[in-house]
Amino acid sequence: MLKLEDYISERNRILKKEQNLFLGSTLELNEKESKLDSHIIQLKCDELDVSYQNSEDFIPRRHFFKCKNEIENSKIFKILRDLPKGNSLHTHLLASVSIDFIIKNITYRDNAYGKVINSVFKIKFLKREDAEKDGWVSLKEMRSKQLNFDDWLEKQLSLIVDCPQDSYPSLESVWKKFKGTFSAVYDMLCYKPAFEEYYYQSLKELFEDNIMYGEFRATPMPLYDLEGTHYKTEDFFESMLKVEKKFKKDHKDFIGARYIHSVYRRISSDDLKKDLEEIILMKAKFPKLIVGLDFVGFEDEGYSLLNFYNDLVSVREKLDFFFHAGETNWFGHTDSNLVDAILMKSRRIGHGFALSRHPQLMSLVREQNIAIEVCPISNQVLLLNEDPRNHPAVPLLSQGFPVVICSDDPATWGASGLSYDWYVAFMAMTPKDCGLKVLKQFALNSIQFSALDDVDKKEAMDVWTKRWDDFISKMLINL
Ligand SMILES: [Zn+2]
């Protein structure tokens with residue numbers, strides 16, 4: 001046996017080696033950053049020490065609906081809100097704006113009507129005579145008759161409920177309601193003036209959370225207005241560009257936004273062919289805005305990526321892939337999408353929840369430098385993982401895999417921006433003594449692994465560096 005001092009030194013050597021593998025550990029912090037780092041670690045330890053005595057008190061362990069207010073009161077969360085987080089890389093456009101904003105602004109517009117169709121309460125903008133003909137009721141009238149109508153409406157447009165465990169006993173039940181929330185807002189947001197107001201707000205919520213660029217998973221929406229105009233696909237992209245341009249003009253330091261075409265994963269082969277043809281045409285018209293392709297929907301219910309192989313090969317040269325893959329807790333089943341995402345050269349992988357049980361695929365991900373878009377709150381609300389301390393991405397972070405923290409569908413569970421997911425990842429998925437380095441690495445990864453071209457990436461890095469330095473200085477003044 002070793003003497004105690006030799007044993008301790010061997011022990012420290014091993015722990016140090018392991019610490020040096022963690023994401024962000026290779027970054028060198030300057031003097032100012034180191035000061036802030038110590039402060040953040042102190043706050044983190046204080047917060048963790050309270051809950052260490054009673055794990056029930058550990059905030060991220062509780063369901064997000066139950067702990068959102070407490071997160072907002074955390075000192076760490078307040079720092080994360082102010083911290084320049086770089087880019088948001090995995091958000092679905094139709095779940096990107098706070099329900100509160102939608103209710104208070106969009107649903108209060110004139111000509112908003114509601115009706116239950118296939119058990120989903122849908123909202124649409126219509127001329128009065130058309131609405132009455134088809135049995136739609138004006139929201140104004142509903143509000144005047146139903147007490148707390150807006151609270152009721154919030155529950156129709158989001159997953160938020162008082163008791164999630166009872167309301168969503170299984171993955172299938174939560175996904176059923178989840179799909180319903182997209183259906184509920186779809187017609188309403190296809191109304192062109194509403195869409196443009198919505199998309200502007202979507203960028204604003206990123207900006208207000210100190211995010212400078214967003215990539216949105218979406219499909220082209222069939223925009224309409226009350227004059228009876230039905231707009232073409234290219235008008236949808238024109239609208240996106242118009243709003244982005246205005247937003248950038250109003251908010252300097254906002255880099256921009258990009259679109260990732262997202263196909264429903266139960267699409268038929270014929271429809272996929274037509275869909276891809278159209279998006280390739282659109283890509284030629286909007287080369288900067290449209291950056292890639294993805295498949296969306298409940299992965300356990302959809303076709304596997306392998307089914308689409310021939311069609312995907314034909315567009316590979318024109319569109320980059322950003323596939324959701326392995327968003328499952330099954331083993332030897334849906335998780336096989338991971339091998340296809342890797343072999344088909346997906347630039348990033350959405351979720352990759354099942355990745356850490358596949359050592360060979362992990363090696364390939366590292367070799368090909370594919371970023372994993374980890375969305376901890378989404379995984380909790382959609383019932384893949386209850387306690388984020390047990391999140392399967394923890395071993396990826398421990399080994400320094402290129403992880404980016406993303407929000408997925410923040411509005412659906414009452415979040416906005418990235419800070420909530422950053423908070424959960426930072427508090428539950430990184431070691432107690434891990435501070436500013438991992439946060440800086442999250443931001444750097446979000447820029448490095450974005451779909452921005454090299455010129456825009458350089459600009460993004462310059463803007464972010466300045467904002468980062470300002471943030472550090474401002475924080476130190478207040479210490
Ligand atoms: Zn997603």
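At what angle do the axes of helix α2 and helix α19 cross? In this predicted model, the axes of α2 (residues 31–52) and α19 (residues 419–429) cross at roughly 75° and come within 11 Å. Angles of 65 to 115 degrees count as roughly perpendicular, and α2 and α19 are therefore roughly perpendicular to each other. From α2, the residues Ile40, Lys44, Glu47 and Leu48 meet Tyr423, Phe426 and Met427 of α19. By class, this contact has five nonpolar and two charged residues, with no polar ones.

Helix α1 gives the most to the lining, with four residues. Sorted by class, the lining has seven nonpolar, six polar and five charged residues.

Turning to the largest pocket, its volume is about 670 Å³. Of its 28 lining residues, Leu94, Phe182, Tyr264, Val296 and Gly297 are the closest to the centre. Two or more residues each come from α10 (171–190), β5 (211–218), β6 (256–264) and β7 (290–296), and α10 provides the largest share, six residues. The lining divides into 14 nonpolar, seven polar and seven charged residues.

Val296 is also among the residues touched by His92, together with Arg217, His324, Asp408 and Asp409. His92 lies in strand β1 (residues 86–92) and is buried, with a relative accessible area of 11%.

Conventions: Residues numbered from 1 in each chain as written. Predicted model: local features only at pLDDT ≥ 70, side-chain atom pairs only at ≥ 80, totals over all residues. Heavy atoms only, no water. Buried < 20%, exposed > 50% of the residue type's maximum accessible area, 1.4 Å probe, protein only. Contact = heavy atoms within 4.5 Å. Axes fitted to C-alpha atoms, helices over the stretch in contact; angles between N-to-C directions. Parallel < 35°, antiparallel > 145°, perpendicular 65-115°, else oblique. Nonpolar A, V, L, I, M, F, W, Y, C, P; charged D, E, K, R; others polar. 1 Å grid on protein atoms, 1.4 Å probe; cavity = no way out; pocket = protein on both sides within 12 Å on 5 of 7 lines; lining within 4 Å. Points joined across faces, edges and corners; volume = space filled by probe spheres on them. Lists of a residue's contacts leave out its neighbours within four places in sequence.
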